[in-house]
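Please take the reader through this structure step by step.

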Amino acid sequence: MTTPRHPAPRHPVAGHPVAGHPVAGHPVAGHPVAGHPVAGHPAGFRGGEPERAARLEAALADPFDPANPHGHLALLRADDAREVPEATETLLAEAGLAAEFVPADLGGHLRDLERLARILRPVFRRDLALGYGFGITSLFAASAVWTAGDDAQRRTLAGVLSGGGRISIVHREVAHANAILRHELRAVDAPGGGFLLNGRKDAVINADRTDTFVAYARTRAQDGPDSHSVLLLGPQPPAGGQIRRLERIHTPGMRGARFCGLQLLDVPVPATAVVGEVGDGVSLALRSFQISHCLIPGTVLAGVDSVLRQAVRAATADRPEGRPSRRRQRALAGVFADLLACDAMAVTGLRALSLLPEDAYLLAAAVKYTMPDLLRENLEELAAVLGARGYDRGPLYGGFQKLARDLPVAGLGHAGTAVCQAVLVPQLPTLARTTWFRSAEPPAALFTPGAPLPVLDHRRLAHSGTDDLLTASLIGAAERLSARAGGGPLERVLSALARAFVQELKVLRARCAALPAAGGTAFDPQACALADRYALVLAAAACLGVFEHQDAGDAFLADPAWAVLALGRIGRRLGADVPDVPAQAEHTVLAELLQRCRDGHSLDLYATQLAG
């Protein structure tokens, strides 16, 4: 028996500290505490909202209040001026947010990535550039050191972050490069040992606000898996040479984030600065970048949450009983279902990194590969709903144009997609021949958002596994749904949808098995198209997994309506032979969306209380 949803109580939080630290000068009286029990989410629901996420949401306060120094209007004005929102960065620093990027065994708060994504969503819900510029990129830089660094290196970076500092990542050059990925550093053996580092990068985030860099530098002239190494520079000044910060780069999106050029001239680097071993750079990138592959989608979807909320406001303004017109209902319900599908995939990936770190490699790449197209399509649908309001620059609707500019810069553009494609495509023949329809199902904990997780062990992250965590779950779910007797109309449609995706996987198996062996498929157009289809099948599997492992804690997620609508939309993207989505599913999803917007609940899997 499911629990009905009711509006959550609101609680004053005047003077409440954020993340255990007082935030002076930021009164938030009258705003609700995010994460207090939501209807359908009783107290203690899967551990509840992380306390620091709740306090951060409350301290950032009502984003639609034009007088709020951390609201949409202030953040939009800073973006227009290409300035860092200093008042909000000060709040985040006083909140100790940087400690969230430091592993618990080094004195920080980082235990698992699902929890970290929930703590960061209040920031990303308001401004992607703020989330990146304040410090999530520090985590991406430090991840290589958390993964393979020695004790001294790990303590050094933990001290930088715990002291409120930043760490910049200097990427290696890759194909399909944008400004962030263009050019690279080169390290040659120095006469007295260690290396001399030279080169330049066009755009390094926060390069002018830090003295600590994790650099992927070429240490071997020939290309290959051992061509690059990871070097830790700083925080102490180098013994010689020059580190030049070049002019600031004005990016088309995330205009408040600070990107600038970086040039190194004969900078000596001791041998102790090498993270792992010489030549480990590519391997470390493949291992540690799994974190960004899941965490970026798991945070930026909070920005789409905000835009969907704006579209609901536009569609219901001055409407009878606050209901959108019939022609807007389908778009709004569909985007909400897509957002839940994206969250199901992102959360599954984030949880896999703690639960099954040796086997999360392909899933992490698929998360980053799938979500950009889904989110871009969603923004196009919401643009039609917003109409002329989509060009508004005020606090109510101004976030739409900003998000459309920010998403490509936030790692969801072509370059990020190409990197993940290069991970997935070469594995397709092996998966088809040895894995699909043979793997065992993953544990149920993979699909239970908010359930306790083991502490993330970066050192266990691998990049050589070819196990497929979700296709086995898809096949098992389809069998269980087909065997379920006495289900209603939506259960029967969901069962048919699950079978359709299993059939799609069978077609993929036949077509991928006919591809050349790994190594010859990276730029094969047919293989790239098959990777697109495979990633969408995994998205459907994640939705089914989350739906199937619900209990009475959330009446809406335990209802098949959202999964039916989400899978129906994914199936249409594939051009698969899927049943029509019943009107009942769309009505149920729309009703939930409107209720959450009225009550101020987030439009993700957690439905937590928001400020404002």
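In this predicted model, helix H2 covers residues 72–80, and its buried residues are His72, Leu73, Leu75, Leu76, Ala78 and Asp79. After H2 comes Arg82, which has a positive phi, near 55°.

For Asn206, phi is near 65°, a positive value in a residue other than glycine. Asn206 is placed in the loop that joins strand S3 (195–205) to strand S4 (213–218). With a relative accessibility of 1%, Asn206 counts as buried, because buried means a relative accessible area under 20%. Asp266 is likewise not a glycine, yet its phi is positive, about 50°. Asp266 belongs to strand S7, which comprises residues 259–269. Its relative accessibility is 45%, so Asp266 counts as partly exposed; that class lies between the 20% limit for buried residues and the 50% limit above which a residue is exposed.

The peptide bond leading from Gly234 to Pro235 is cis, and its omega is near 5°.

The helices may be considered next, beginning with a pair in contact. Helix H5 (residues 128–148) and helix H7 (residues 281–316) have axes that come within 9 Å and cross at roughly 155°. H5 and H7 are therefore roughly antiparallel to each other, since angles over 145 degrees are placed in that class. On the side of H5, the contact is made by Leu128, Tyr132, Ile136, Leu139, Phe140, Ser143, Ala144, Thr147 and Ala148. On the side of H7, the residues are Leu284, Arg287, Ser288, Ile291, Ser292, Leu295, Ile296, Thr299, Val300 and Gly303. The handedness of the crossing between H5 and H7 is right-handed.

Helix H8 (residues 326–355) is made of 30 residues. From its first C-alpha to its last, H8 reaches 43 Å, close to the 44 Å expected at 1.5 Å a residue. How many of the 30 residues of H8 are buried? The count is 26 of the 30, so H8 is largely enclosed by the rest of the structure.

Helix H9 (residues 361–386) contains Arg376. The relative accessible area of Arg376 is 35%, and this residue is therefore partly exposed. Arg376 and Leu407 are separated by 31 residues in sequence, while their C-alpha atoms are 8.5 Å apart in space.

A second pair of helices in contact is formed by H13 (residues 471–483) and H14, whose axes come within 9 Å and cross at roughly 140°. H13 contributes Thr471, Leu474, Ile475, Ala478, Leu481 and Ser482 to the contact, and H14 contributes Leu494, Ser495, Ala498, Arg499, Phe501, Val502 and Leu505. The crossing in which H13 passes H14 is left-handed.

One residue of this contact can be examined by itself. Ser495 is part of helix H14, which spans residues 489–513. Is Ser495 buried or exposed? Its relative accessible area is 5%, so Ser495 is buried. Leaving aside residues up to four places away in sequence, Ser495 touches Leu481 and Ser482.

Two cysteines also deserve attention. Cys512 has a relative accessibility of 0% and so counts as buried. Cys528, with a relative accessible area of 15%, is buried as well. A disulfide is a covalent bond between the sulfur atoms of two cysteines. Counted as pairs of cysteine sulfur atoms within 2.5 Å, the disulfides come to 0.

Finally, the protein may be viewed as a whole. It has 18 helices and 8 strands. The protein has 612 residues, of which 60% count as buried. Among the contacts in the protein with a separation of 6 or more, 76% are between residues 24 or more positions apart.

Definitions and conventions
Residues numbered from 1 in each chain as written. Predicted model: local features only at pLDDT ≥ 70, side-chain atom pairs only at ≥ 80, totals over all residues. Heavy atoms only, no water. Helix = DSSP H or I, 4+ residues; strand = E, 2+ residues; numbered from the N terminus. Buried < 20%, exposed > 50% of the residue type's maximum accessible area, 1.4 Å probe, protein only. Contact = heavy atoms within 4.5 Å. Expected span 1.5 Å × (residues − 1). Axes fitted to C-alpha atoms, helices over the stretch in contact; angles between N-to-C directions. Parallel < 35°, antiparallel > 145°, perpendicular 65-115°, else oblique. Left-handed = near helix turned anticlockwise from the far one by under 90°.
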